[in-house]
Amino acid sequence: DISQHIKCRFGKGEEFVKRAHDMTGNEPMKTIEEAEIIGPTGCLDILILMPCTGNTMAKMFDIKATTSGPFSVVPKAQLRNEKPVVISMASNDALGMNLKNIGNLLNHKHIYFVPFGQDDPVKKPNSMIADTRLLIPTILQALKGRQSQPVLIDHKK
C-alpha cells in the first residue's frame, strides 16, 4: 500500500508503521491479504481512520466497492460487521468535490465523525479538519452508537 511510503504534512508512512507496531506490539496489516481477516473474525471493536483524507472517504462510499489496498478493505469489513468506524477528517476539498461523500458518510449507520470545521476559511475555503482533541470522546460515543455533538465546530474557539 502506498500509504506506507508516503511523505506528507502528517509525517512519513514509515514512522506511522513503526509507531503502530510500537504501540500495539503487533505488525501492522500492510497487504490486502493480511487485512482480509478483519471481515470473517470481526476482531475489531472500533476502527479509527486518522487522518482520513477526502480520497479515503470517497473510496469508502464507492458504490462499486472497489478495493485498492488494505486501507479500503478494513473499513468495508468493519461496516459489514456492523461495528463502528470513526473518521478524523483532514481534507483540503471537504467543501468542494468531497462534500457529497461527507454528507453520505454522515448519514451512514456505524460511521462517526470526530467533530470538524474549517481550519483556514480565508486561505483554504474548502478545507476542513477534525479537532483531534475530541477523538476520545468521539470514540466513547461511537461505542454507544451515538455521534459526538456538535459535529460541525468552529476551530477558532
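A salt bridge is a side-chain nitrogen of Lys or Arg within 4 Å of a carboxyl oxygen of Asp or Glu. The structure is a predicted model, in which local features need pLDDT of at least 70 and side-chain atom pairs count only at pLDDT 80 or more, while totals for chains, interfaces and linings use all residues. Residues are numbered from 1 along each chain as its sequence is written, and side-chain values use heavy atoms, with hydrogens and water left out.

**View 1. Salt bridges of the structure.**
Side chains of opposite charge can pair when their charged atoms come close. A search of the whole structure finds three salt bridges. In one of them, Lys18 is joined to Asp22, with the closest N and O atoms 2.7 Å apart. Both residues belong to helix H1 (residues 13–24) and lie four residues apart, about one turn of the helix. Helices (H or I, at least four residues) and strands (E, at least two) are DSSP runs, numbered from the N terminus. Lys18 is exposed, at a relative accessible area of 53%; the terms used are buried for under 20% relative accessible area, exposed for over 50%, and partly exposed in between (1.4 Å probe, protein chains only). Asp119 and Lys124 form another salt bridge, at 3.1 Å from N to O. Asp119 is partly exposed at 28% relative accessibility, and Lys124 is partly exposed at 29%. Asp131 and Arg133 are also joined by a salt bridge, their closest N and O atoms being 2.7 Å apart. Here Asp131 counts as buried, at 10% relative accessibility, whereas Arg133 is exposed, at 63%.

**View 2**
Strand S4 (residues 85–91) is mostly covered, with seven of its seven residues buried. On one side stand Val85, Ile87, Met89 and Ser91, and on the other Val86, Ser88 and Ala90; all are buried. Two strands pair if DSSP finds at least two bridges between them. Strand S3 (residues 47–52) runs parallel to S4 and is joined to it by four bridges, with Leu49 opposite Ile87 of S4. Strand S5 (residues 111–113) also pairs with S4 in the parallel sense, over three bridges, and Val86 stands opposite Tyr112 in S5. From S4 the chain passes through helix H6 (residues 99–106) to S5 in a right-handed β-α-β crossover. A crossover is right-handed if, with the strands pointing away from the viewer, the path from the first strand over the helix to the second runs clockwise. Strand S7 (residues 128–130) pairs with S4 in the antiparallel sense over two bridges, and the bridge partner of Ala90 in S7 is Ile129.

**View 2. Helix H5 and its surroundings.**
Helix H5 (residues 70–80) is largely enclosed by the rest of the structure, because nine of its 11 residues are buried. Among the buried residues are Pro70, Val73, Val74 and Leu79. The buried residues of H5 pack against helix H2 (32–35), helix H3 (38–41), S3, H4, S4 and S5.

Gly54 lies in helix H4 (residues 54–60) and counts as buried, at 5% relative accessibility. Leaving aside its neighbours within four places in sequence, Gly54 is in contact (heavy atoms within 4.5 Å) with Ala90, Ser91 and Asn98. The C-alpha atoms of Gly54 and Thr41, which are 13 residues apart along the chain, are separated by 28 Å.

**View 3. Backbone geometry at selected residues.**
Most residues other than glycine have a negative phi, and most peptide bonds are trans. Glu82, in the loop between H5 and S4, has a positive phi near 55 degrees and is exposed, at a relative accessible area of 55%. His110, in the loop between H6 and S5, has a positive phi near 75 degrees, yet His110 counts as buried at 16% relative accessibility. The peptide bond from Met50 to Pro51 is cis, with omega near -10 degrees, and Pro51 is found in strand S3. The bond from Gln149 to Pro150 is likewise cis, with omega near -10 degrees; Pro150 is found in the segment after H7.
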